[in-house]
There are 2 protein chains.
Amino acid sequence: MRLQTIRHADNRTQAVLATDSRWLPLPATDVGELIRHTEWRGTVTDIRRTASADDYLEQGTLPLASVVTSPRKIVCCGHNYRAHIREMGRPEPEYPTLFAKFADTLAGPHDDIELPDIARQVDWEAELALVIGTTCRAVTSAQARDHIAGYTAANDISVRDWQRRTPQWLQGKAFDATTPLGPAMVTADEIDPADGLPITCTVNGEQVQIGFTDDLVFDPAHLVSYISQFTTLAPGDVILTGTPGGVGAAAVPPRYLSEGDTITVDIERIGRLRNSIRFLPHDAYITRDKELAAYVEH
Amino acid sequence: MRLQTIRHADNRTQAVLATDSRWLPLPATDVGELIRHTEWRGTVTDIRRTASADDYLEQGTLPLASVVTSPRKIVCCGHNYRAHIREMGRPEPEYPTLFAKFADTLAGPHDDIELPDIARQVDWEAELALVIGTTCRAVTSAQARDHIAGYTAANDISVRDWQRRTPQWLQGKAFDATTPLGPAMVTADEIDPADGLPITCTVNGEQVQIGFTDDLVFDPAHLVSYISQFTTLAPGDVILTGTPGGVGAAAVPPRYLSEGDTITVDIERIGRLRNSIRFLPHDAYITRDKELAAYVEH
(Lines give C-alpha, C1' and ligand atoms only; values in the text may rest on other atoms or scores of the structure.)
Protein backbone atom coordinates (compact mmCIF):
# COMPACT_ATOMS: atom_id res chain seq x y z
CA MET A 1 0.00 0.00 0.00
CA ARG A 2 1.02 3.56 -0.72
CA LEU A 3 -0.21 5.89 2.04
CA GLN A 4 -0.01 9.67 2.09
CA THR A 5 -1.16 12.57 4.24
CA ILE A 6 -2.98 15.46 2.57
CA ARG A 7 -3.76 18.94 3.85
CA HIS A 8 -7.29 20.29 3.43
CA ALA A 9 -8.06 23.94 2.80
CA ASP A 10 -8.95 24.41 6.49
CA ASN A 11 -5.43 23.12 7.41
CA ARG A 12 -6.82 19.83 8.73
CA THR A 13 -4.69 16.87 7.62
CA GLN A 14 -5.97 13.44 6.57
CA ALA A 15 -4.43 10.09 5.68
CA VAL A 16 -5.21 8.78 2.18
CA LEU A 17 -4.56 5.62 0.23
CA ALA A 18 -2.95 6.40 -3.14
CA THR A 19 -4.36 4.17 -5.91
CA ASP A 20 -3.43 4.83 -9.55
CA SER A 21 -4.17 8.52 -9.98
CA ARG A 22 -6.63 8.81 -7.10
CA TRP A 23 -6.67 9.26 -3.33
CA LEU A 24 -9.06 7.37 -1.09
CA PRO A 25 -9.54 9.37 2.15
CA LEU A 26 -9.07 7.35 5.35
CA PRO A 27 -10.40 7.99 8.89
CA ALA A 28 -7.18 9.33 10.44
CA THR A 29 -5.47 12.73 10.68
CA ASP A 30 -2.23 11.33 9.22
CA VAL A 31 -0.50 8.06 8.40
CA GLY A 32 0.95 7.93 11.93
CA GLU A 33 -2.51 8.04 13.51
CA LEU A 34 -3.82 5.51 10.99
CA ILE A 35 -1.29 2.85 11.93
CA ARG A 36 -1.83 3.34 15.66
CA HIS A 37 -5.08 1.40 15.17
CA THR A 38 -4.13 -2.28 15.39
CA GLU A 39 -6.64 -3.27 12.71
CA TRP A 40 -5.72 -0.53 10.25
CA ARG A 41 -4.96 -2.86 7.34
CA GLY A 42 -8.40 -4.44 7.59
CA THR A 43 -9.98 -1.00 7.88
CA VAL A 44 -8.28 0.22 4.71
CA THR A 45 -9.29 -2.95 2.85
CA ASP A 46 -12.92 -2.59 3.98
CA ILE A 47 -13.07 1.10 3.02
CA ARG A 48 -11.61 0.30 -0.37
CA ARG A 49 -14.09 -2.54 -0.96
CA THR A 50 -17.12 -0.40 -0.14
CA ALA A 51 -15.94 2.90 -1.68
CA SER A 52 -17.81 4.44 -4.59
CA ALA A 53 -16.16 6.59 -7.26
CA ASP A 54 -17.41 9.71 -5.44
CA ASP A 55 -15.39 8.84 -2.36
CA TYR A 56 -12.12 9.35 -4.23
CA LEU A 57 -10.16 12.56 -4.82
CA GLU A 58 -7.91 13.24 -7.80
CA GLN A 59 -4.27 13.12 -6.73
CA GLY A 60 -2.59 16.51 -6.68
CA THR A 61 -5.77 18.47 -5.93
CA LEU A 62 -4.57 19.17 -2.39
CA PRO A 63 -1.08 19.70 -0.95
CA LEU A 64 0.73 16.92 0.86
CA ALA A 65 1.66 17.16 4.54
CA SER A 66 4.48 15.32 6.29
CA VAL A 67 3.43 11.66 5.89
CA VAL A 68 3.57 11.32 9.70
CA THR A 69 2.77 14.62 11.39
CA SER A 70 3.33 14.00 15.10
CA PRO A 71 5.60 11.07 15.93
CA ARG A 72 6.38 10.61 19.61
CA LYS A 73 9.98 10.01 18.63
CA ILE A 74 12.23 10.78 15.69
CA VAL A 75 15.62 9.08 15.93
CA CYS A 76 18.30 9.84 13.34
CA CYS A 77 21.43 7.89 12.49
CA GLY A 78 24.63 9.55 11.28
CA HIS A 79 27.64 7.99 9.48
CA ASN A 80 25.78 5.03 7.99
CA TYR A 81 26.60 4.70 4.24
CA ARG A 82 29.65 2.48 3.60
CA ALA A 83 30.68 4.29 0.38
CA HIS A 84 30.61 7.64 2.20
CA ILE A 85 32.54 6.28 5.20
CA ARG A 86 35.21 4.90 2.82
CA GLU A 87 35.51 8.17 0.89
CA MET A 88 36.05 9.99 4.19
CA GLY A 89 38.77 7.48 5.15
CA ARG A 90 36.97 6.55 8.35
CA PRO A 91 36.71 3.09 9.91
CA GLU A 92 33.30 1.41 9.82
CA PRO A 93 31.55 2.35 13.09
CA GLU A 94 30.85 -0.33 15.71
CA TYR A 95 27.67 1.38 16.92
CA PRO A 96 25.17 3.67 15.21
CA THR A 97 25.58 7.38 16.01
CA LEU A 98 22.09 8.44 17.10
CA PHE A 99 20.45 11.77 17.80
CA ALA A 100 16.87 12.96 18.19
CA LYS A 101 14.71 15.48 16.35
CA PHE A 102 11.47 17.08 17.52
CA ALA A 103 8.17 16.33 15.78
CA ASP A 104 7.79 19.95 14.71
CA THR A 105 10.96 19.78 12.63
CA LEU A 106 8.80 17.94 10.06
CA ALA A 107 7.53 19.59 6.88
CA GLY A 108 5.49 18.57 3.85
CA PRO A 109 7.12 16.99 0.77
CA HIS A 110 6.70 20.16 -1.30
CA ASP A 111 6.69 22.84 1.39
CA ASP A 112 9.07 25.75 1.23
CA ILE A 113 11.75 25.40 3.90
CA GLU A 114 11.66 28.67 5.83
CA LEU A 115 14.63 29.55 7.98
CA PRO A 116 15.46 32.65 10.00
CA ASP A 117 18.48 34.40 8.50
CA ILE A 118 20.52 33.63 11.62
CA ALA A 119 20.95 30.20 9.92
CA ARG A 120 23.90 30.68 7.55
CA GLN A 121 25.25 27.28 6.46
CA VAL A 122 22.20 25.35 5.34
CA ASP A 123 22.90 21.88 3.94
CA TRP A 124 20.99 18.90 2.50
CA GLU A 125 20.87 15.24 3.59
CA ALA A 126 18.79 12.79 1.52
CA GLU A 127 17.67 9.91 3.74
CA LEU A 128 15.64 6.74 3.72
CA ALA A 129 13.26 6.82 6.70
CA LEU A 130 11.19 4.08 8.28
CA VAL A 131 7.97 4.25 10.25
CA ILE A 132 7.36 1.95 13.22
CA GLY A 133 4.13 -0.07 12.97
CA THR A 134 3.88 -1.83 16.31
CA THR A 135 5.30 -1.26 19.78
CA CYS A 136 8.62 -2.90 20.52
CA ARG A 137 11.34 -2.94 23.16
CA ALA A 138 14.54 -5.01 23.16
CA VAL A 139 13.78 -6.86 19.95
CA THR A 140 16.30 -8.67 17.76
CA SER A 141 16.94 -7.61 14.16
CA ALA A 142 14.90 -10.60 12.99
CA GLN A 143 11.97 -9.54 15.17
CA ALA A 144 12.42 -5.86 14.25
CA ARG A 145 11.42 -6.47 10.63
CA ASP A 146 7.86 -7.17 11.77
CA HIS A 147 7.69 -3.84 13.62
CA ILE A 148 8.41 -1.70 10.54
CA ALA A 149 5.18 -0.43 8.95
CA GLY A 150 6.87 1.03 5.90
CA TYR A 151 9.43 3.31 4.32
CA THR A 152 9.50 6.93 3.24
CA ALA A 153 12.01 9.65 2.30
CA ALA A 154 13.38 12.56 4.32
CA ASN A 155 15.61 15.54 3.75
CA ASP A 156 17.42 16.18 7.03
CA ILE A 157 18.12 19.85 6.28
CA SER A 158 20.97 20.79 8.61
CA VAL A 159 22.21 24.19 9.74
CA ARG A 160 25.93 23.42 9.91
CA ASP A 161 27.06 26.63 11.63
CA TRP A 162 24.67 25.91 14.52
CA GLN A 163 25.33 22.15 14.42
CA ARG A 164 29.06 22.77 14.95
CA ARG A 165 28.78 25.37 17.71
CA THR A 166 29.01 22.61 20.34
CA PRO A 167 29.80 18.87 20.42
CA GLN A 168 26.08 17.93 20.27
CA TRP A 169 24.32 18.42 16.93
CA LEU A 170 20.75 19.10 18.12
CA GLN A 171 20.67 22.88 17.57
CA GLY A 172 21.65 22.47 13.89
CA LYS A 173 19.09 19.73 13.36
CA ALA A 174 16.06 21.15 15.13
CA PHE A 175 14.99 24.34 13.32
CA ASP A 176 11.19 24.16 13.09
CA ALA A 177 9.65 22.76 9.88
CA THR A 178 12.93 22.01 8.08
CA THR A 179 12.70 18.21 7.59
CA PRO A 180 10.37 17.27 4.72
CA LEU A 181 9.05 13.70 5.10
CA GLY A 182 7.17 11.77 2.40
CA PRO A 183 5.77 11.91 -0.22
CA ALA A 184 4.34 8.50 0.74
CA MET A 185 4.86 5.65 3.16
CA VAL A 186 5.15 2.45 1.13
CA THR A 187 4.29 -0.52 3.33
CA ALA A 188 7.10 -2.93 4.16
CA ASP A 189 5.42 -5.83 2.32
CA GLU A 190 5.90 -3.93 -0.97
CA ILE A 191 9.42 -2.57 -0.68
CA ASP A 192 12.74 -3.82 0.71
CA PRO A 193 15.74 -1.51 1.20
CA ALA A 194 17.98 -4.61 0.85
CA ASP A 195 17.12 -4.46 -2.87
CA GLY A 196 19.47 -1.47 -3.15
CA LEU A 197 17.01 1.27 -4.11
CA PRO A 198 18.80 4.32 -5.53
CA ILE A 199 18.56 7.43 -3.35
CA THR A 200 19.56 10.73 -4.94
CA CYS A 201 19.60 14.41 -4.08
CA THR A 202 19.73 17.34 -6.50
CA VAL A 203 20.24 21.06 -5.94
CA ASN A 204 18.71 23.23 -8.70
CA GLY A 205 18.69 20.14 -10.93
CA GLU A 206 22.33 19.17 -10.37
CA GLN A 207 22.81 15.77 -8.74
CA VAL A 208 24.81 16.13 -5.52
CA GLN A 209 24.16 12.82 -3.74
CA ILE A 210 23.65 9.25 -4.87
CA GLY A 211 23.57 6.12 -2.75
CA PHE A 212 21.85 2.74 -2.56
CA THR A 213 19.73 1.59 0.33
CA ASP A 214 21.66 -1.70 0.66
CA ASP A 215 24.86 0.20 1.46
CA LEU A 216 23.92 0.90 5.09
CA VAL A 217 26.28 -0.26 7.85
CA PHE A 218 23.22 -0.50 10.13
CA ASP A 219 20.20 -1.53 8.07
CA PRO A 220 16.64 -0.59 9.06
CA ALA A 221 15.97 -3.74 11.10
CA HIS A 222 19.32 -3.41 12.86
CA LEU A 223 18.56 0.21 13.77
CA VAL A 224 15.13 -0.69 15.17
CA SER A 225 16.70 -3.51 17.20
CA TYR A 226 19.52 -1.31 18.51
CA ILE A 227 17.31 1.64 19.45
CA SER A 228 14.80 -0.71 21.10
CA GLN A 229 17.50 -1.84 23.55
CA PHE A 230 17.13 1.44 25.45
CA THR A 231 13.75 2.89 24.47
CA THR A 232 10.30 1.66 23.53
CA LEU A 233 9.38 2.33 19.92
CA ALA A 234 5.69 2.85 19.15
CA PRO A 235 3.50 3.08 16.04
CA GLY A 236 4.21 6.25 14.08
CA ASP A 237 7.72 6.73 15.46
CA VAL A 238 10.16 7.63 12.71
CA ILE A 239 13.79 6.59 12.20
CA LEU A 240 16.02 8.41 9.69
CA THR A 241 18.71 6.02 8.51
CA GLY A 242 21.52 8.40 7.52
CA THR A 243 22.69 10.11 4.35
CA PRO A 244 25.06 9.07 1.52
CA GLY A 245 28.16 11.07 0.56
CA GLY A 246 27.86 14.41 -1.20
CA VAL A 247 26.61 16.84 1.43
CA GLY A 248 27.50 20.49 0.94
CA ALA A 249 29.68 20.70 4.07
CA ALA A 250 32.00 18.01 2.62
CA ALA A 251 32.46 19.81 -0.72
CA VAL A 252 35.72 21.71 -1.39
CA PRO A 253 35.03 24.53 -0.89
CA PRO A 254 31.89 23.88 1.20
CA ARG A 255 28.65 24.67 -0.58
CA TYR A 256 25.54 25.86 1.26
CA LEU A 257 22.00 26.61 0.18
CA SER A 258 20.83 30.10 -0.80
CA GLU A 259 17.46 31.82 -1.08
CA GLY A 260 15.36 30.11 -3.74
CA ASP A 261 17.52 27.00 -4.15
CA THR A 262 15.41 23.93 -4.86
CA ILE A 263 16.42 20.54 -3.47
CA THR A 264 14.95 17.23 -4.56
CA VAL A 265 15.30 13.89 -2.81
CA ASP A 266 14.29 10.80 -4.81
CA ILE A 267 14.11 7.23 -3.60
CA GLU A 268 13.05 4.68 -6.20
CA ARG A 269 9.53 3.35 -5.58
CA ILE A 270 8.93 5.88 -2.76
CA GLY A 271 8.96 9.11 -4.74
CA ARG A 272 10.24 12.63 -4.61
CA LEU A 273 10.57 15.46 -2.11
CA ARG A 274 10.95 18.87 -3.72
CA ASN A 275 11.51 21.89 -1.50
CA SER A 276 12.78 25.42 -1.94
CA ILE A 277 14.75 27.42 0.61
CA ARG A 278 13.39 30.72 1.93
CA PHE A 279 15.21 32.91 4.41
CA LEU A 280 13.03 35.10 6.59
CA PRO A 281 14.42 38.15 8.31
CA HIS A 282 14.90 37.38 11.97
CA ASP A 283 12.36 40.17 12.57
CA ALA A 284 9.69 37.89 11.22
CA TYR A 285 10.14 35.73 14.32
CA ILE A 286 10.99 38.23 16.99
CA THR A 287 10.93 41.63 18.52
CA ARG A 288 14.58 42.51 18.24
CA ASP A 289 16.65 43.76 21.10
CA LYS A 290 20.25 43.98 22.10
CA GLU A 291 20.63 40.48 23.45
CA LEU A 292 19.24 38.93 20.33
CA ALA A 293 21.40 41.14 18.17
CA ALA A 294 24.39 39.44 19.78
CA TYR A 295 23.21 36.13 18.35
CA VAL A 296 22.41 37.54 14.96
CA GLU A 297 25.88 38.97 14.70
CA HIS A 298 27.59 35.66 15.32
CA MET B 1 2.26 27.89 44.12
CA ARG B 2 3.65 24.45 44.67
CA LEU B 3 2.19 22.02 42.10
CA GLN B 4 2.66 18.27 42.01
CA THR B 5 1.41 15.28 40.03
CA ILE B 6 0.09 12.27 41.93
CA ARG B 7 -0.60 8.73 40.75
CA HIS B 8 -3.93 7.14 41.70
CA ALA B 9 -4.33 3.42 42.43
CA ASP B 10 -5.69 2.87 38.89
CA ASN B 11 -2.47 4.41 37.48
CA ARG B 12 -4.28 7.59 36.39
CA THR B 13 -2.24 10.71 37.20
CA GLN B 14 -3.60 14.04 38.43
CA ALA B 15 -2.22 17.50 39.10
CA VAL B 16 -2.55 18.76 42.67
CA LEU B 17 -1.85 21.98 44.53
CA ALA B 18 0.29 21.34 47.63
CA THR B 19 -0.84 23.47 50.59
CA ASP B 20 0.64 22.88 54.03
CA SER B 21 0.27 19.14 54.55
CA ARG B 22 -2.56 18.67 52.07
CA TRP B 23 -3.13 18.20 48.35
CA LEU B 24 -5.96 19.90 46.49
CA PRO B 25 -6.76 17.85 43.34
CA LEU B 26 -6.93 19.88 40.12
CA PRO B 27 -8.72 19.14 36.82
CA ALA B 28 -5.65 18.03 34.80
CA THR B 29 -3.76 14.78 34.30
CA ASP B 30 -0.45 16.41 35.27
CA VAL B 31 1.13 19.81 35.83
CA GLY B 32 2.00 20.00 32.13
CA GLU B 33 -1.62 19.63 31.07
CA LEU B 34 -2.72 22.07 33.78
CA ILE B 35 -0.56 24.91 32.50
CA ARG B 36 -1.61 24.35 28.88
CA HIS B 37 -4.90 26.06 29.87
CA THR B 38 -4.26 29.78 29.52
CA GLU B 39 -6.41 30.60 32.54
CA TRP B 40 -4.91 27.96 34.82
CA ARG B 41 -3.92 30.36 37.60
CA GLY B 42 -7.46 31.67 37.88
CA THR B 43 -8.82 28.14 37.81
CA VAL B 44 -6.57 27.06 40.68
CA THR B 45 -7.53 30.15 42.70
CA ASP B 46 -11.24 29.51 42.11
CA ILE B 47 -10.99 25.84 43.05
CA ARG B 48 -9.12 26.75 46.20
CA ARG B 49 -11.67 29.39 47.15
CA THR B 50 -14.62 27.03 46.79
CA ALA B 51 -12.98 23.84 48.13
CA SER B 52 -14.30 22.18 51.27
CA ALA B 53 -12.10 20.16 53.65
CA ASP B 54 -13.38 16.95 52.01
CA ASP B 55 -11.90 17.96 48.67
CA TYR B 56 -8.36 17.70 50.04
CA LEU B 57 -6.10 14.66 50.31
CA GLU B 58 -3.40 14.16 52.92
CA GLN B 59 0.04 14.55 51.32
CA GLY B 60 1.94 11.29 51.01
CA THR B 61 -1.16 9.10 50.74
CA LEU B 62 -0.46 8.46 47.04
CA PRO B 63 2.81 8.19 45.11
CA LEU B 64 4.11 11.09 43.06
CA ALA B 65 4.50 10.91 39.29
CA SER B 66 6.88 12.94 37.16
CA VAL B 67 5.64 16.52 37.73
CA VAL B 68 5.19 16.84 33.94
CA THR B 69 4.39 13.49 32.38
CA SER B 70 4.36 14.10 28.63
CA PRO B 71 6.24 17.19 27.49
CA ARG B 72 6.44 17.69 23.71
CA LYS B 73 10.08 18.56 24.16
CA ILE B 74 12.79 17.99 26.72
CA VAL B 75 15.97 19.94 26.00
CA CYS B 76 19.06 19.39 28.16
CA CYS B 77 22.13 21.58 28.54
CA GLY B 78 25.58 20.15 29.25
CA HIS B 79 28.71 21.94 30.61
CA ASN B 80 26.88 24.76 32.35
CA TYR B 81 28.21 25.15 35.95
CA ARG B 82 31.16 27.57 36.14
CA ALA B 83 32.79 25.86 39.15
CA HIS B 84 32.71 22.52 37.35
CA ILE B 85 34.06 24.00 34.10
CA ARG B 86 36.93 25.58 36.07
CA GLU B 87 37.77 22.35 37.92
CA MET B 88 37.94 20.54 34.57
CA GLY B 89 40.31 23.25 33.24
CA ARG B 90 37.99 24.04 30.34
CA PRO B 91 37.23 27.47 28.86
CA GLU B 92 33.77 28.90 29.44
CA PRO B 93 31.63 27.83 26.47
CA GLU B 94 30.35 30.42 24.01
CA TYR B 95 27.14 28.49 23.27
CA PRO B 96 25.09 26.03 25.32
CA THR B 97 25.65 22.35 24.45
CA LEU B 98 22.13 21.04 23.88
CA PHE B 99 20.66 17.59 23.42
CA ALA B 100 17.15 16.15 23.56
CA LYS B 101 15.48 13.48 25.68
CA PHE B 102 12.23 11.64 24.98
CA ALA B 103 9.19 12.15 27.23
CA ASP B 104 9.24 8.52 28.31
CA THR B 105 12.65 8.93 29.90
CA LEU B 106 10.77 10.63 32.76
CA ALA B 107 10.12 8.91 36.10
CA GLY B 108 8.47 9.78 39.40
CA PRO B 109 10.43 11.51 42.21
CA HIS B 110 10.57 8.32 44.31
CA ASP B 111 10.34 5.62 41.63
CA ASP B 112 12.93 2.89 41.42
CA ILE B 113 15.13 3.43 38.37
CA GLU B 114 15.00 0.14 36.48
CA LEU B 115 17.68 -0.52 33.88
CA PRO B 116 18.44 -3.56 31.75
CA ASP B 117 21.77 -5.08 32.79
CA ILE B 118 23.27 -4.17 29.40
CA ALA B 119 23.67 -0.72 31.03
CA ARG B 120 26.97 -0.94 32.93
CA GLN B 121 28.21 2.54 33.82
CA VAL B 122 25.23 4.25 35.40
CA ASP B 123 25.87 7.76 36.71
CA TRP B 124 23.99 10.61 38.41
CA GLU B 125 23.43 14.24 37.37
CA ALA B 126 21.52 16.54 39.74
CA GLU B 127 19.87 19.33 37.74
CA LEU B 128 17.64 22.34 38.07
CA ALA B 129 14.85 22.06 35.48
CA LEU B 130 12.38 24.63 34.24
CA VAL B 131 8.92 24.22 32.78
CA ILE B 132 7.71 26.45 29.94
CA GLY B 133 4.43 28.22 30.69
CA THR B 134 3.54 29.93 27.41
CA THR B 135 4.45 29.46 23.77
CA CYS B 136 7.50 31.34 22.56
CA ARG B 137 9.78 31.57 19.54
CA ALA B 138 12.79 33.83 19.08
CA VAL B 139 12.38 35.66 22.39
CA THR B 140 15.06 37.65 24.18
CA SER B 141 16.31 36.68 27.63
CA ALA B 142 14.25 39.51 29.12
CA GLN B 143 11.11 38.23 27.39
CA ALA B 144 11.98 34.60 28.20
CA ARG B 145 11.46 35.16 31.95
CA ASP B 146 7.74 35.58 31.37
CA HIS B 147 7.54 32.26 29.53
CA ILE B 148 8.88 30.19 32.46
CA ALA B 149 6.02 28.69 34.50
CA GLY B 150 8.25 27.37 37.26
CA TYR B 151 11.17 25.30 38.43
CA THR B 152 11.66 21.70 39.48
CA ALA B 153 14.48 19.17 40.02
CA ALA B 154 15.74 16.36 37.80
CA ASN B 155 18.25 13.55 38.01
CA ASP B 156 19.59 13.03 34.50
CA ILE B 157 20.67 9.41 35.12
CA SER B 158 23.21 8.68 32.38
CA VAL B 159 24.51 5.38 31.05
CA ARG B 160 28.09 6.41 30.33
CA ASP B 161 29.18 3.29 28.44
CA TRP B 162 26.33 3.82 25.95
CA GLN B 163 26.74 7.61 25.98
CA ARG B 164 30.38 7.24 24.89
CA ARG B 165 29.90 4.64 22.18
CA THR B 166 29.51 7.39 19.58
CA PRO B 167 30.01 11.19 19.40
CA GLN B 168 26.30 11.84 20.09
CA TRP B 169 25.09 11.26 23.66
CA LEU B 170 21.45 10.29 23.02
CA GLN B 171 21.72 6.53 23.56
CA GLY B 172 23.21 7.00 27.04
CA LYS B 173 20.56 9.57 27.96
CA ALA B 174 17.39 7.92 26.67
CA PHE B 175 16.85 4.68 28.59
CA ASP B 176 13.14 4.57 29.37
CA ALA B 177 12.00 5.88 32.80
CA THR B 178 15.43 6.89 34.10
CA THR B 179 15.00 10.66 34.62
CA PRO B 180 13.07 11.44 37.82
CA LEU B 181 11.44 14.90 37.66
CA GLY B 182 9.85 16.68 40.61
CA PRO B 183 8.87 16.47 43.41
CA ALA B 184 7.08 19.77 42.70
CA MET B 185 7.01 22.63 40.23
CA VAL B 186 7.37 25.85 42.23
CA THR B 187 5.96 28.73 40.20
CA ALA B 188 8.43 31.34 38.97
CA ASP B 189 6.83 34.12 41.06
CA GLU B 190 7.94 32.29 44.24
CA ILE B 191 11.48 31.19 43.43
CA ASP B 192 14.45 32.65 41.55
CA PRO B 193 17.52 30.60 40.63
CA ALA B 194 19.53 33.85 40.66
CA ASP B 195 19.24 33.64 44.47
CA GLY B 196 21.82 30.82 44.37
CA LEU B 197 19.75 27.92 45.66
CA PRO B 198 21.96 25.02 46.79
CA ILE B 199 21.62 21.90 44.62
CA THR B 200 23.07 18.68 46.04
CA CYS B 201 23.27 15.00 45.17
CA THR B 202 23.98 12.11 47.52
CA VAL B 203 24.65 8.42 46.87
CA ASN B 204 23.72 6.18 49.81
CA GLY B 205 23.81 9.24 52.05
CA GLU B 206 27.24 10.49 50.95
CA GLN B 207 27.23 13.91 49.29
CA VAL B 208 28.75 13.68 45.81
CA GLN B 209 27.61 16.94 44.16
CA ILE B 210 27.00 20.46 45.37
CA GLY B 211 26.37 23.56 43.32
CA PHE B 212 24.42 26.79 43.39
CA THR B 213 21.80 27.79 40.85
CA ASP B 214 23.39 31.21 40.27
CA ASP B 215 26.60 29.53 38.98
CA LEU B 216 25.18 28.76 35.53
CA VAL B 217 27.01 30.07 32.45
CA PHE B 218 23.63 30.07 30.66
CA ASP B 219 20.88 30.90 33.14
CA PRO B 220 17.28 29.70 32.69
CA ALA B 221 16.11 32.77 30.78
CA HIS B 222 19.17 32.68 28.55
CA LEU B 223 18.54 29.00 27.74
CA VAL B 224 14.89 29.64 26.87
CA SER B 225 15.92 32.55 24.64
CA TYR B 226 18.68 30.57 22.91
CA ILE B 227 16.57 27.46 22.30
CA SER B 228 13.68 29.61 21.06
CA GLN B 229 15.89 30.92 18.24
CA PHE B 230 15.49 27.60 16.39
CA THR B 231 12.41 25.91 17.87
CA THR B 232 9.06 26.89 19.31
CA LEU B 233 8.73 26.18 23.02
CA ALA B 234 5.25 25.41 24.33
CA PRO B 235 3.56 25.02 27.72
CA GLY B 236 4.79 21.92 29.53
CA ASP B 237 8.08 21.70 27.64
CA VAL B 238 10.97 20.99 30.00
CA ILE B 239 14.54 22.30 29.98
CA LEU B 240 17.24 20.66 32.12
CA THR B 241 19.89 23.26 32.91
CA GLY B 242 23.00 21.08 33.44
CA THR B 243 24.75 19.47 36.40
CA PRO B 244 27.42 20.70 38.85
CA GLY B 245 30.78 18.93 39.33
CA GLY B 246 30.99 15.59 41.10
CA VAL B 247 29.52 13.08 38.65
CA GLY B 248 30.76 9.49 38.98
CA ALA B 249 32.45 9.44 35.58
CA ALA B 250 34.75 12.29 36.69
CA ALA B 251 35.84 10.55 39.92
CA VAL B 252 39.30 8.90 40.07
CA PRO B 253 38.74 6.01 39.66
CA PRO B 254 35.30 6.44 38.07
CA ARG B 255 32.42 5.42 40.29
CA TYR B 256 29.17 4.01 38.93
CA LEU B 257 25.88 3.00 40.52
CA SER B 258 25.14 -0.57 41.66
CA GLU B 259 21.99 -2.52 42.42
CA GLY B 260 20.17 -0.96 45.37
CA ASP B 261 22.15 2.29 45.46
CA THR B 262 19.96 5.21 46.50
CA ILE B 263 20.49 8.65 45.00
CA THR B 264 18.97 11.87 46.31
CA VAL B 265 18.81 15.21 44.55
CA ASP B 266 17.87 18.22 46.68
CA ILE B 267 17.25 21.77 45.55
CA GLU B 268 16.42 24.24 48.30
CA ARG B 269 12.75 25.32 48.22
CA ILE B 270 11.92 22.74 45.50
CA GLY B 271 12.48 19.53 47.43
CA ARG B 272 14.00 16.09 47.09
CA LEU B 273 14.15 13.30 44.54
CA ARG B 274 15.03 9.92 46.08
CA ASN B 275 15.45 6.94 43.77
CA SER B 276 17.03 3.51 44.01
CA ILE B 277 18.74 1.66 41.17
CA ARG B 278 17.45 -1.75 40.05
CA PHE B 279 19.02 -3.81 37.32
CA LEU B 280 16.72 -6.18 35.47
CA PRO B 281 18.06 -9.12 33.54
CA HIS B 282 17.96 -8.33 29.86
CA ASP B 283 15.60 -11.35 29.60
CA ALA B 284 12.98 -9.26 31.35
CA TYR B 285 12.82 -7.08 28.24
CA ILE B 286 13.45 -9.53 25.44
CA THR B 287 13.43 -12.92 23.92
CA ARG B 288 17.14 -13.55 23.65
CA ASP B 289 18.88 -14.61 20.50
CA LYS B 290 22.31 -14.54 18.99
CA GLU B 291 22.19 -11.01 17.61
CA LEU B 292 21.14 -9.57 20.91
CA ALA B 293 23.78 -11.60 22.73
CA ALA B 294 26.33 -9.69 20.70
CA TYR B 295 25.10 -6.46 22.29
CA VAL B 296 24.95 -7.90 25.76
CA GLU B 297 28.55 -9.06 25.50
CA HIS B 298 29.83 -5.60 24.60
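Student: Which residues do ring pairs link into a cluster here?
Tutor: In this predicted model, the cluster holds Tyr95(A), Tyr226(A), Phe230(A), Trp162(B) and Phe175(B). Rings of Phe, Tyr and Trp (its six-membered ring) pair if their centres lie within 6.5 Å; planes under 30 degrees apart are stacked, over 60 edge-to-face, the rest tilted.

Student: How many aromatic pairs are there over all chains?
Tutor: The count over all chains comes to 12 aromatic pairs. Take Tyr95(A) and Tyr226(A): their ring centres are 6.2 Å apart and the planes meet at 40°, so this pair is tilted.

Student: Nice. And where do Tyr95(A) and Tyr226(A) lie in chain A?
Tutor: Tyr95(A) is in the loop between α3 (82-87) and β6 (97-101), while Tyr226(A) is in helix α7 (residues 220-228), so the pair ties together parts 131 residues apart in sequence. Helices (H or I, at least four residues) and strands (E, at least two) are DSSP runs numbered from the N terminus.

Student: Are Tyr95(A) and Tyr226(A) buried or exposed?
Tutor: Both Tyr95(A) and Tyr226(A) are buried (under 20% relative accessible area; exposed is over 50%, partly exposed in between; 1.4 Å probe, protein chains only).

Student: What about Phe230(A) and Phe175(B)?
Tutor: Phe230(A) and Phe175(B) make a tilted aromatic pair, with 5.8 Å from centre to centre and 45° between the planes. This pair crosses between chains: Phe230(A) sits in the loop between α7 and β16 (238-240) of chain A, and Phe175(B) in the loop between α6 (170-173) and β13 (179-187) of chain B.

Student: What relative accessible area does Phe230(A) have?
Tutor: Phe230(A) has 0% and is buried.

Student: Switching topic: which charged end sits over the ring of Trp162(B)?
Tutor: That of Arg165(B), 3.8 Å from the ring centre. Elsewhere in chain B, Arg22(B) lies over the face of Tyr56(B), also with 3.8 Å to the ring centre. (The rule asks for NZ of Lys or CZ of Arg within 6 Å of the centre and within 35 degrees of the ring normal.)

Student: And what rotation superposes chain A on chain B?
Tutor: A rotation of 180°, with 0.0 Å of shift along its axis and an RMSD of 0.0 Å (least squares on C-alpha atoms of residues with pLDDT of at least 70 in both). The two copies are thus related as by a two-fold rotation axis.

Conventions:
Residues numbered from 1 in each chain as written. Chains lettered and ligands numbered in written order. Predicted model: local features only at pLDDT ≥ 70, side-chain atom pairs only at ≥ 80, totals over all residues. Heavy atoms only, no water.
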